[in-house]
Amino acid sequence: MNFAATKELEAEVDELITHYPVKRAASLMVLHAIQEQFGWISQEAVQWTAKKLELQPINVFEILTFYPMLRQEPMGKYQIKVCRTLSCALGGAYELREHFCKKFGLDAHKHGAQTTPDGKFTVEFVECLASCGTAPVMMVNDDFYEGVSHAKADEIVGECQ
Amino acid sequence: MAQEYKLILKYADEPGYTPDIECYLRHGGYDVLKKALALQPRDLPDGKKLSGPEQIREDVKISGLRGRGGAGFSCGLKWSFVDRKSGKPIYLICNADESEPGTFKDRQIMYKDPHQLIEGMAISCFANDVHLAYIYIRGEMVDGAKILNRALKEARAKGFLGKNILGSGYDLEMHVHRGAGAYICGEETGLIESLEGKRPYPRIKPPYFPAVLGLWMCPTIVNNVETLCNIKHIVAMGGAEFAKLGTPNNTGTRIVSLSGHVKRPGYYEIETGKATIGELISDPKFGGGLRDGRKLKAVIPGGSSAKVFKAGEKFKLKKKDAEGKEILVETDMLDLPYDFDSLAAAGSMSGSSAIIVMDDSTDIVEALANISEFYAHESCGQCTPCREGSLWMSKTLHRLTHGEGRAQDADYLVKIADNIPGGRTICAFGEACSWPVQSFVAKFKDEFVAKGAADEARRAKEVAAPVEQQALAAAHH
């Protein structure tokens, strides 16, 4: 993939850099901006970011590999992130993830993120989303959902077109 | 009777209350910032003068405010450590990386009343001669970051941020910085590394105390969202008046996040120490009790790293009798006042004030396996005891919950847990991942041993069984 930053992205990144007295500090926010536009962060995007922030590519790559939210490969169009941690587990998070896996023909016993062959849905467990009082909770891309019953889950999926 | 007491969340859940600045201004918003900026130097008996910022810092000390993020450290003391003579800029960071499992209080503030946080931060910045501040919000709170950015824009437009705020000559800029799904960024030095654009590996203390060598090696204050909101109320009512809220040494209010097996999970703001754990769980104003027909099994009182309490557990707490003599009073776990000191005296902590309730339907080994998987996932990997230990504990608990356990796994778990914390790691994550294991196994040992022993017995049978039965067992497994 050839990485080509749009004018908008370039402008956004230039603005982000002004938030910090040291350019490097902008790197996480820049990666967020790239991922928002492309859905993931390619090696070319890493190179571009490094150049922009006057860093070595490894300085950017080591952040990309550390943070769970940053993607090194394309994911499904709709990324379903089910909270796995204790309060949600007590509230049925494991059953909820299994429900999605069954629905999409994915292997519920497999660890990590899984994407349907048509690239439409990714299902994964994530750690505590900080809304333990409304368990189980989940996100679909940037949208947050709480108290997700199986019926509600089906409804949410139904809206993903 | 225990009551809710809404100080921080006074307006947040009022019908019609919106996060925009107009609504905030209608509710007296930014009046306290105006008051703070207008403070005149006060004469001291010794002829010296106390500047406005110094008066605020003094008031915060008097208020007794303790950090709401987890450690419960005195905020006034934390501020007093700031190196003000280095000649370097001083930074303030709001720790909005709310990620301790069980905790969802800062979310309420930021999503519903973002200007309260900004005002609290602006006052704190003014008090500490800070001109550039950041809100480090966890990456998953995408809407939260948008709400805060909108609020910052509004505050700038109204002159509450930027150059020469309200004609006071004081400049302050503030930005939102998003994390990306790593729990360790809630550790203040890890957060600083993350903000600098690096992996969030916590720094070793000494020498890297943020108050001296923080963000870009400059003096830095890192405070939790709720802590910073409290600053506004301390300046509004005065430190001495604030200290009357709550109980001695546990002043102000706390927003308790209540989750798990209760009828009414949610967040409840109380005067610190003025409600017991039992009241928070059972009172109809709070948790409303357990689900019908269920009995209490365990309570995690302060976020998942806090040591668990077993139902029926009793503690001897120091109290003063009628004559002021110190006596030991036997106190049931449910009768512990919800504050910093009582929970510490009972061997646990109020942490980020998150209570997770488990009833008798809970498989306690599964519960610990869940917690340990979290810590194994979130260890930053910098220190060997934590990186390896958290993973070993999680793997051991995985086998215990997947039919592969051993009777001695209980002792094995404790042995690993005992060898992680206590100065063997750079940050307190070592403690955070060990405390649940140590306390769960100590208090529910029979369940851990029974599970492992049952697995061993089943496997022994399988080995002894004819080959075709083994195949059958494997198919079922």
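## Two crossing helices

A crossing of two helices is left-handed if the near helix is turned anticlockwise from the far one by less than a right angle, and right-handed if clockwise. In this predicted model, helix H6(B) passes H7(B) in a right-handed crossing. H6 of chain B covers residues 114–127. The axes of H6(B) and H7(B) come within 9 Å and cross at roughly 60°. H6(B) and H7(B) are therefore oblique to each other.

Which residues of H6(B) meet H7(B)? They are Pro114(B), His115(B) and Ile118(B). On the H7(B) side, the partners are Ile147(B), Leu148(B), Ala151(B), Leu152(B) and Ala155(B). By class, this contact has seven nonpolar residues, one polar residue and no charged ones.

## A parallel sheet in chain B

Four strands of chain B make an open sheet, and their pairing is parallel. The order across the sheet is E5-E4-E3-E6. Strands E5 (173–178) and E6 (220–224) of chain B stand at the edges. Each has a single partner strand, so one side of each is left without a neighbour in the sheet. Neighbouring strands are turned by 20° against each other on average, direction ignored.

Now look at one pair. E3(B), residues 90–96, joins E6(B) over five bridges in the parallel sense. In E6(B), Asn224(B) is the bridge partner of Asn95(B). Helix H10 of chain B, residues 225–237, lies across E3 and E6. H10(B) runs at about 95° to E6(B).

## Where the chains touch

In chain B, 43 residues are in contact with 33 residues of chain A. Several elements of chain B give two or more residues to this side. Among them are helix H7 (142–157), strand E5 and helix H8 (188–195). Strands E9 (253–260) and E10 (266–271) are also included. H14(B) provides the largest share, with six residues.

What classes of residue make up the side of chain B that touches chain A? It has 16 nonpolar, 18 polar and nine charged residues.

## Chain A in outline

Chain A has seven helices and five strands. Along the sequence, they follow the pattern α-α-α-α-β-α-α-β-β-β-β-α. The C-alpha atoms of chain A fill a box of roughly 50 × 35 × 25 Å along the principal axes.

Chain A has 161 residues, and 40% of them count as buried. Consider the contacts in chain A between residues at least 6 apart in sequence. Of these, 57% join residues at least 24 apart.

Two cis peptide bonds can be located in the loops. One joins Ala135(A) and Pro136(A), with omega about -10°. Pro136(A) sits in the loop between strands E3 (121–126) and E4 (138–140) of chain A. Another cis bond runs from Pro206(B) to Pro207(B), with omega near 10°. Pro207(B) lies in the loop between H8 and helix H9 (210–213) of chain B.

Asn249(B) has a phi of about 70°. Its loop lies between strands E7 (246–247) and E8 (250–251) of chain B. Ser353(B) has a phi near 55°. Ser353(B) belongs to the loop between helix H13 (340–345) and E15 of chain B.

Are these two residues buried or partly exposed? Asn249(B) has 14 other C-beta atoms within 10 Å, so it is partly exposed. Ser353(B) has 34 C-beta neighbours inside 10 Å and therefore counts as buried. The cut-off for buried is 20 or more.

Definitions and conventions
Residues are numbered from 1 along each chain as its sequence is written. Chains are lettered from A and ligands numbered from 1 in the order in which they are written. This is a predicted model: local features need pLDDT of at least 70, side-chain atom pairs count only at pLDDT 80 or more; totals for chains, interfaces and linings use all residues. Two strands pair if DSSP finds at least two bridges between them. Axes are lines fitted to C-alpha atoms, for helices over the stretch in contact, and angles run from 0 to 180 degrees between N-to-C directions. Two residues are in contact if their C-beta atoms, placed from the backbone, lie within 7 Å. Ala, Val, Leu, Ile, Met, Phe, Trp, Tyr, Cys and Pro count as nonpolar, Asp, Glu, Lys and Arg as charged, and the others, Gly among them, as polar. Angles under 35 degrees count as roughly parallel, over 145 as roughly antiparallel, 65 to 115 as roughly perpendicular and the rest as oblique. A residue is buried if 20 or more other C-beta atoms lie within 10 Å of its own, exposed if 12 or fewer, and partly exposed in between; C-beta atoms are placed from the backbone.
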